[in-house]
Amino acid sequence: MDWGTELWDQYDVIDKHTQSGLDLVEKYVKFVKERTEIEQTYAKLLRNLVKKYTPKRGSKEEQECRFTNHQSFLDILNEMNDYTGQREVIAENMMLTICLELTKYLQELKQERKTYLSEAKKAQQNLESSYKQLDSSKKRFEKEWREADKANLNAERADQDINATKADVEKAKMLAHMRTHTAEECKNDYASQLQKYNKEQNQFYFSDIPQIFNKLQDMDERRIRKLAEGYVSFADTEKRVMPIIGKCLEGIIKAGTNASAEKDSVALIEQHKSGFERPGDVEFEDYSQGINRASSESSLGTPKGPMELLGKNKTKLWPFSKKSKPPATEDFAHLPPEQRRKKLQQKMDDISKELQREVDQSEALEKMKDVYEKNPQMGDPSSLEPQISQTAHNMERLRGELQKYESWLMEAGGRGDTMRSSVNNNSHERFSDDEFDEEEPFAQCTALYNFEGSSEGTIPMHEGEVFAVVEDDKGDGWTRVQRANGDEGYVPTSYIKISPPV
């Protein structure tokens, strides 16, 4: 069934119906825009919330992350940050695939509808103009025929009038003949106009209007199909990111299961265990035996409470005193034995790592010097001497510090096991004869999902594609990556899996 056949006489109905359809598209676009604004506001509030509760670098909260329950909360914040990124993706895709696309299509439909209605009005005006011509010829024919009848009647009267002269009779007959001839011409013209009008009316009702109405029907059906796609896209846009949102929620669940009461208890013990022995029993001092009160260090004439006793031996039991702690010293002697050993060991590990870097730097400089000596055009070997000398000085200084902290560790009862042996053993195995790297390699990432990359500054990617990480996520949910061919751009951090450099 088509409009041209069934609704040939319902121009006003079709006009209102097609306008109502366009109004619905416009209303839906506004609805989606407001939906994206809500999504963007939601994402912004979530980001601010995550930022508010994320501990700052070096803060007390960040230091507490050594405990699993604190780390789990930090993991939840990170997952919420990724979740927020997906809400932003939903808003962006809705704006691109629904709002912008439907708005452009709506403008095209409005112009198309205007053209068809204009064609219908033009056809109607042509038919009305033809009808006016028909009506005019009809009235003229009617008028002339009446005049002819009147003239013929006058001629008959003159012919029968005995008083009328022959000239009057001839004149009346001639006038009647002329009127009759004019009436016949008007009759023929009216017949011709009627035939023309009937033909145009047939063309109008059986061809022109049905074609225009069918075009409007086709336009309206295309509008409905396009709008239906927009309805489906409204759900698909969110459905496409559901797997990633699901992973974020799974990450939050995993963070909850990673919180371990037993591990946190052990971590607290390891962090704050002093290594002191518990105080022994207080000896009885018998004043009846004539003990000199002035020579007694432990007697002040009144019994002491537990806290006073604990605060009495400041060299061993100071952690239990309410007084301020001793000033920090380089050898960490101000700390309890267990904590001192840990601090010394940690300091030695840090020095060993720094020494390892200096050893690596020294080997690299020697390698470069050897390259310059073999290939003078690449550089002057003597220009590296200041750096080689400075590196050697740094290595000597660090070895001295390492020995100093080793002696303090032995004094504190530690074993003195450090990375120094590995530093010395590996110092000659860091470079081969044919390899010399001047720059650290980039970390790599693998695409977990497809990404269109339609926004400015982004780059499209396909699931499984491998990139180099050029710039890490700065907290906004985007990571800058580079293809092997040099193409760069930003992709959602939650869409990729980052691997350490090889």
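Here are some numbered notes on this predicted model, from the whole chain down to single residues.

1. **Ground rules.** This is a predicted model, so local features need pLDDT of at least 70 and side-chain atom pairs count only at pLDDT 80 or more, while totals for chains, interfaces and linings use all residues. Residues are numbered from 1 along each chain as its sequence is written, and side-chain values use heavy atoms, with hydrogens and water left out.

2. **Overall make-up.** The chain has 11 helices and five strands. Those are DSSP runs numbered from the N terminus: H or I of at least four residues for helices, E of at least two for strands. Of the 502 residues in the chain, 33% are buried. Buried here means under 20% relative accessible area, exposed means over 50%, and partly exposed is what lies in between (1.4 Å probe, protein chains only).

3. **Surface and contacts.** Accessible areas come from the Shrake-Rupley method with a 1.4 Å probe, and for residues only the protein chains shown count as cover. As for contacts (heavy atoms within 4.5 Å), take those between residues at least 6 apart in sequence: 71% of them join residues at least 24 apart.

4. **A nonpolar patch.** W8, Y205 and F206 form a nonpolar patch on the surface, with about 360 Å² of accessible area together. Patch members have over 30% relative accessible area and no salt bridge; like charges are joined within 9 Å, and nonpolar side chains (Val, Leu, Ile, Met, Phe, Trp, Tyr) within 5 Å. F206 sits in helix α5, residues 166-258, and is exposed at a relative accessible area of 66%.

5. Is R223 buried or exposed? With a relative accessible area of 6%, R223 is buried. D220 is buried too, at 2%. The two form a salt bridge, the closest N and O atoms being 3.0 Å apart. The cut-off for a salt bridge is a side-chain nitrogen of Lys or Arg within 4 Å of a carboxyl oxygen of Asp or Glu. Both residues lie in helix α5, three residues apart, about one turn of the helix. The side chains of R223 and D220 also make a polar contact at 3.0 Å. That term covers N or O atoms within 3.5 Å; within protein, one must be able to donate a hydrogen and the other to accept it, and residues adjacent in sequence count only if both atoms are side-chain atoms.

6. **What surrounds R223.** Leaving aside neighbours within four places in sequence, R223 is in contact with G21, L22, L24, V25, Y105 and L109.

7. **Other salt bridges.** Side chains of opposite charge can pair when their charged atoms come close. The structure holds 22 salt bridges. One of them pairs E26 with K110, with the closest N and O atoms 3.8 Å apart. This pair links distant parts of the chain: E26 is in helix α2 (residues 11-53) and K110 in helix α4 (residues 68-160), 84 residues apart. E26 is partly exposed at 31% relative accessibility, and K110 is partly exposed at 33%.

8. E401 and R397 meet in a salt bridge at 3.4 Å, N to O. They are separated by about one helical turn because they are four residues apart in helix α10 (residues 385-411). E401 is partly exposed at 25% relative accessibility, and R397 is partly exposed at 36%. Elsewhere, salt bridges that share partners join R35, E39, R87 and E238 into one network.

9. V89 lies in helix α4 and counts as buried at 6% relative accessibility. How far apart are V89 and P492 in space? Their C-alpha atoms are 8.6 Å apart, although 403 residues separate them in sequence. Setting aside neighbours within four places in sequence, V89 is in contact with V241 and Y495.
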